[in-house]
Amino acid sequence: MTVKDCGGHKGCECHRERLYRKLCGALVAFILLALFVVLIVWLVLRPHKPRFYLQDLSVLCLNVTPPASTYLFTTMQATVAARNGNERVGVYYDQVDVYAQYKDVAITVPTRLPVGYQGHGDQSVWSPYLQSMDSVQLPPALAVALAQDETAGYVLVDIRVDGWIRWKVGSWISGHYHLRVNCPALLTVNEGKGSYGANTGGGNGYFRFQQAAACAVDV
């Protein structure tokens, strides 16, 4: 059996080696303890995604006239509500935009919502105007599909909410999380009778939002 010589300079090396091992062990233990505390706090608080609802959609104009033009002219007002169901976690809404889509293609430019904070159990309601601003040109096939849907009497659009949120627990504020919300909206055209080939593009009561519904939320 060999005996390790820790005399002289080797003794210093052995002492440093033991010290390094203790420091490494203490560092690993601290990291594991910190991760355990974070896990416990997360399991106790476990922030839930805010719930979104599309309460109303007023379409003032929705007009496209293919094949002469594939430019879309639209103005609508969406009423979107969001509720924070967490009991101990607040939500900061940062850089959140709302816009409308038809068959996964944006038909309005984004409208920025005001920056805000939502406390425990609070609810916020926004009613932004969404417009094409004469800058939305649809692909020819999509313009034809929209005109056909309007003629048939029903148009399905999606109201999208896209932006960044942060969680707040006590004085601690998290980093940014990407918020994606999709709210389907079924519109009847001329009480479901359609335009009968004449795309009038709107009018008082021409487009009617059918029913308020919950939205799909992803964070």
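User: Which residues do ring pairs link into a cluster?

Analyst: This is a predicted model, in which local features need pLDDT of at least 70 and side-chain atom pairs count only at pLDDT 80 or more, while totals for chains, interfaces and linings use all residues. Residues are numbered from 1 along each chain as its sequence is written, and side-chain values use heavy atoms, with hydrogens and water left out. Rings of Phe, Tyr and Trp (its six-membered ring) pair if their centres lie within 6.5 Å, and planes under 30 degrees apart count as stacked, over 60 as edge-to-face and the rest as tilted. By that rule, ring pairs build a cluster out of F52, Y93 and W126.

User: How many residues apart in sequence are the parts that F52 and W126 tie together?

Analyst: The search of the whole structure finds six aromatic pairs, and one of them is the stacked pair of F52 and W126, with 6.3 Å from centre to centre and 20° between the planes. Strands here are DSSP runs of E with at least two residues and helices are runs of H or I with at least four residues, numbered from the N terminus. F52 belongs to strand β1 (residues 51-63) and W126 to strand β7 (residues 123-126), so the distance in sequence between the parts they tie together is 74 residues.

User: Is W126 buried or exposed?

Analyst: Buried means under 20% relative accessible area, exposed over 50%, and partly exposed in between, with a 1.4 Å probe and protein chains only. The relative accessibility of W126 is 13%, so this residue counts as buried.

User: What separation do the C-alpha atoms of W126 and V80 have?

Analyst: W126 has its place in strand β7. Along the chain, W126 and V80 are 46 residues apart, yet the separation of their C-alpha atoms is 5.3 Å.

User: Which residue forms a salt bridge with R166?

Analyst: A salt bridge is a side-chain nitrogen of Lys or Arg within 4 Å of a carboxyl oxygen of Asp or Glu, and the structure holds four of them. In the one that involves R166, the closest N and O atoms are 2.6 Å apart, and the partner is D94.

User: Why does the pair of R166 and D94 tie together parts that are apart in sequence, and how many residues apart are they?

Analyst: In accessibility, R166 is partly exposed at 22%, whereas D94 is buried at 9%. R166 lies in strand β10 (residues 154-169) and D94 in strand β3 (residues 90-102), so the parts that the pair ties together are apart in sequence by 72 residues.

User: Over the face of which residue does R166 lie?

Analyst: A charge sits over a ring if NZ of Lys or CZ of Arg is within 6 Å of the ring centre and within 35 degrees of the ring normal. For R166 the distance from the ring centre is 4.9 Å, and the ring belongs to Y92.

User: In which strand is D97, the salt bridge partner of R112?

Analyst: The side chains of R112 and D97 meet in a salt bridge at 2.5 Å from N to O. This pair links distant parts of the chain, 15 residues apart, with R112 in strand β5 (residues 111-112) and D97 in strand β3.

User: Which residue does a disulfide join to C183?

Analyst: A disulfide is counted here as a pair of cysteine sulfur atoms within 2.5 Å, and the whole structure contains one. Its S to S distance is 2.0 Å, and the residue joined to C183 is C215.

User: How many residues apart in sequence are the parts that C183 and C215 tie together?

Analyst: The link of C183 and C215 is right-handed, with 105° about the S-S bond. C183 lies in strand β12 (residues 177-189) and C215 in the loop between β14 (213-214) and β15 (216-218), so the separation in sequence is 32 residues.

User: What accessible area do L27, V28, F30, I31, L32 and L35 have together?

Analyst: Patches are made of residues with over 30% relative accessible area and no salt bridge, where like charges are joined within 9 Å and nonpolar side chains (Val, Leu, Ile, Met, Phe, Trp, Tyr) within 5 Å; accessible areas come from the Shrake-Rupley method with a 1.4 Å probe, and for residues only the protein chains shown count as cover. One member, L32, sits in helix α1 (residues 8-45) and is exposed, with a relative accessible area of 54%. Together the six named residues form a nonpolar patch on the surface, with an accessible area of about 630 Å².
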